[in-house]
Amino acid sequence: MNHLRKILAAFLFAFITAGPVFASYTQGIPGRPDQQNLRWKGRQIKIAISDSLTHPSVNIKADSDVLGALMRSFKAWEVAADIEFVNHVSEKQSISPSGPVGDGISLITIAQTPENVLLFSQEPDKESAKTRVFYNGKGFITEADIVLNPFQQFSTDGSFGTFDLQATLTHEIGHLLGLRHSSVLGSAMSESFSMNGIFGITDLSARILARNDIAAIRELYQPETEDEACCGIITGRITGPNGRALKRAVRVWAEEIETGRVFAQSETGPDGLYRLGGLPQADYKLFWQSGGEGETSSSGELGSVEVVEGSSMTVNGRIGRLAYGPVVEYIGINSRLANTAVPVRAGRDYMVYLGGQDLDPAKISIEFNSALIRVASASYARSDFGGAASVISFIVSVDENVPAGLYSVFAAGGDGGKTALIGAFKVE
């Protein structure tokens, strides 16, 4: 989880460190195979807020709305999961030490105590926060502690070069509730998250739960929602050639056919099974992708399915001979690249950059699954960012009627293979 992320800026002609990524540290039952199913037993969760957050701190910009950020982050998850946080301010500073059980107090803190600092001692510049989760033999969370990195700077006003406090808390509270990282780049639970101003603009959209975040938490907590169009489930199994088991996990995600927006994402288990729950009523197209960051990857379609209220649908798939797509690792705007989603607005045109390995503008095409997001076919060009990066650029027109949400970017190579950056285009 401690991936060193990089950004490239054309005016720097070099790679520079992009800053920390979110991470989660889980401590519990040795050998438990599936930690995604961890959850709290009840719907009321007690949280202690360390007064290290309510008192002035060198790590939090002066005049920041700390408690407001906390309450808004709590509220986002409460509404999505039908749960309730009961919180109080505490003089407690340190999280529970690593071990089979904690002290029974779920704490959010930024205090520079030895126990808290120890979590960031190896690579203090690579993480903005950590969450330590304790759980019992039945898979219920008994305690979860959040530590904001005391070596980093946070703010609530979008100050460049700081981490947005509300976005950080929203992400970590997702871990506190039992969620793992998501492969959807623009989601609140994405592993890749940058400091304010990474693309030279103010972007506070990471504070908001994406549709796949909502689907994931609904699947976990099964809320008693008043939304009559919720919640459906898609399950299935993906196998390799001749029905053989897959050698490694494959990412699976669902996009709404009408709009092309990402609504849910999961990974296959060792048996090739996947599950996409918490889905609102709609028609969906399912996709899969193999390969990891910086590797050759292949993606394809699993099929389409209609989900209605409370339904459970099955879509199986078989991956035959893999046609590998281009190696694409970064996306960006404003002559900057990062491995996080780019924020865009409806009714505007953007020069978009993709960075990776051996990208040839004459042999690549970029696709979106929305008719309202269009790529100018004559705009493909090679861009010089210096160093070892291979970068291409192209112009994307975002229609004024495109709905807000996350859209995947597909890069197709000359041999037909495709690579997807899932949810990498974030329409605000």
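I took helices (H or I, at least four residues) and strands (E, at least two) as DSSP runs, numbered from the N terminus.

I noted that this is a predicted model, in which local features need pLDDT of at least 70 and side-chain atom pairs count only at pLDDT 80 or more, while totals for chains, interfaces and linings use all residues. Residues are numbered from 1 along each chain as its sequence is written, and side-chain values use heavy atoms, with hydrogens and water left out.

**Entry 1: the chain.** I found five helices and 28 strands in the protein chain. Of its 428 residues, 57% are buried, where buried means under 20% relative accessible area, exposed over 50% and partly exposed in between (1.4 Å probe, protein chains only). With contact meaning heavy atoms within 4.5 Å, I read that 70% of the contacts between residues at least 6 apart in sequence join residues at least 24 apart.

**Entry 2: α2 and α4.** I looked up helix α2 (residues 66-81) against helix α4 (residues 165-176) and found an angle of about 40° with the axes 9 Å apart; axes are lines fitted to C-alpha atoms, for helices over the stretch in contact, and angles run from 0 to 180 degrees between N-to-C directions. Angles under 35 degrees count as roughly parallel, over 145 as roughly antiparallel, 65 to 115 as roughly perpendicular and the rest as oblique, and α2 and α4 are therefore oblique to each other. The crossing of α2 past α4 is right-handed. On the α2 side the contact includes Phe-74 and Trp-77, and on the α4 side it includes Leu-169 and Ile-173.

**Entry 3: Ser-379.** I located Ser-379 in the loop between β24 (373-375) and β25 (381-383), and it counts as buried because its relative accessibility is 14%. A polar atom of the Ser-379 side chain lies 2.6 Å from the backbone oxygen of Ala-376, and one lies 2.9 Å from the backbone nitrogen of Ile-395. Leaving out residues up to four places away in sequence, I saw Ser-379 touch Ser-393, Phe-394 and Ile-395.

**Entry 4: α5.** In helix α5 (residues 211-221) I listed the buried residues, among them Asp-213, Arg-218 and Tyr-221. The buried residues of α5 pack against α2, β11 (230-239), β13 (262-267), β14 (273-280) and β27 (405-412). Just after α5, Gln-222 takes a positive phi of about 50°.

Terms used. A crossing is left-handed if the near helix is turned anticlockwise from the far one by less than a right angle, and right-handed if clockwise. A polar contact is a pair of N or O atoms within 3.5 Å; within protein, one must be able to donate a hydrogen and the other to accept it, and residues adjacent in sequence count only if both atoms are side-chain atoms.
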